[in-house]
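Colleague: Before the details, I would be grateful for a guided reading of this model. May we go through it point by point?

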Amino acid sequence: MNSITMKINADELIMMALKEDITSEDITTNSVMPKYQLGTVDLICKQDGIISGLNVFKRVFELLDSDTKVELFFNDGDAVKNKDLLGKVTGDIRVLLSGERVALNYLQRMSGIATYTNKIVTLLADTNITLLDTRKTTPNMRVFEKYAVKCGGGSNHRYNLSDGILLKDNHIGAAGSITKAVAMAKNYASFVRKIEVEVENLDMVKEAVEAGADIIMLDNMSHDDMKKAVELIDGRALTECSGNITADNLSKLNDIGIDYVSSGALTHSAPILDVSLKNLHPIEN
């Protein structure tokens, strides 16, 4: 996440997280550190995984005090191991203590998503399937969570509702049919927008193909029906599989011939990666 992206998309969200954690003051820190004292603390990895969010971690301290120095020894997307020294933070000890939890929350959450995503990507390594995330993200965390998916080797589906057309069951119900929904979408949206349709059975697959859908999402369909659907589509649309996709059942998709698989679990079910700030001590002038 570069500095421009950070300022435009992330700074306000990071400040919201800091304001949530510090409504008026950090009482504990102010009681034991009433005045400025230069100090340093180590950022330690406590699990093997893929690191993501280092620059977000850094930005938390910079927003609290621009004089804070954060030295990082790894880059986002790197594989890390237990006991690795990921970086050092040097500055006003009050800033190091007050920013610790928010900074680690971002780093742990994002690294957990990157690690879990990488696990799935590795399982798909011998296929031509591209792994996608979904919009099942934590409110106000989407920019961070979708970035973490990319750090883990996955790809992003649409970012939000303004980013692409995906006609799901309730959109189809509102329009009256897949045919009507696709026609209305083509009439409303710019020609540069692709139209994706979510289907649940082979009859819906046929209708989506005939209506001219660009992408057809096979949602919670059986293995055999998905194989039949891909044969029926016959390259006339890109294919995506979705619905309770996890590391445990992914191997069942290998022989279907789909182009994409999307998984909400990447962002809503990934466990955190354990990282910690340790060995804080003052630096005497």
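**Aromatic pairs, a helix crossing and a buried leucine**

Colleague: Does Phe 57 count as buried or exposed?

Modeller: Buried means under 20% relative accessible area and exposed over 50%, with partly exposed in between (1.4 Å probe, protein chains only). The relative accessibility of Phe 57 is 0%, so this residue counts as buried.

Colleague: What kind of model is this?

Modeller: Residues are numbered from 1 along each chain as its sequence is written, and side-chain values use heavy atoms, with hydrogens and water left out. Local features need pLDDT of at least 70, side-chain atom pairs count only at pLDDT 80 or more, and totals for chains, interfaces and linings use all residues; the model is predicted.

Colleague: How do the planes of Phe 57 and Phe 61 stand, edge-to-face or stacked?

Modeller: Rings of Phe, Tyr and Trp (its six-membered ring) pair if their centres lie within 6.5 Å; planes under 30 degrees apart count as stacked, over 60 as edge-to-face and the rest as tilted. By this rule there are two aromatic pairs. In the pair of Phe 57 and Phe 61, the centres are 5.3 Å apart and the planes 70 degrees apart, an arrangement that is edge-to-face.

Colleague: Why are Phe 57 and Phe 61 about one helical turn apart?

Modeller: Helices are DSSP runs (H or I, at least four residues), numbered from the N terminus. Both residues lie in helix α3, and because they are four residues apart there, their separation is about one helical turn.

Colleague: At what angle do the axes of helices α1 and α3 cross?

Modeller: Axes are lines fitted to C-alpha atoms, for helices over the stretch in contact, and angles run from 0 to 180 degrees between N-to-C directions. The axes of α1 (residues 3-21) and α3 (residues 54-64) come within 10 Å, and they cross at roughly 65 degrees.

Colleague: Where does Leu 266 lie, and how far is its C-alpha from that of Asn 118?

Modeller: Leu 266 is found in helix α10 (residues 265-268). At 0% relative accessibility, Leu 266 counts as buried. Although Leu 266 and Asn 118 are 148 residues apart in sequence, their C-alpha to C-alpha distance is 9.6 Å.

Definitions and conventions: Helices (H or I, at least four residues) and strands (E, at least two) are DSSP runs, numbered from the N terminus.
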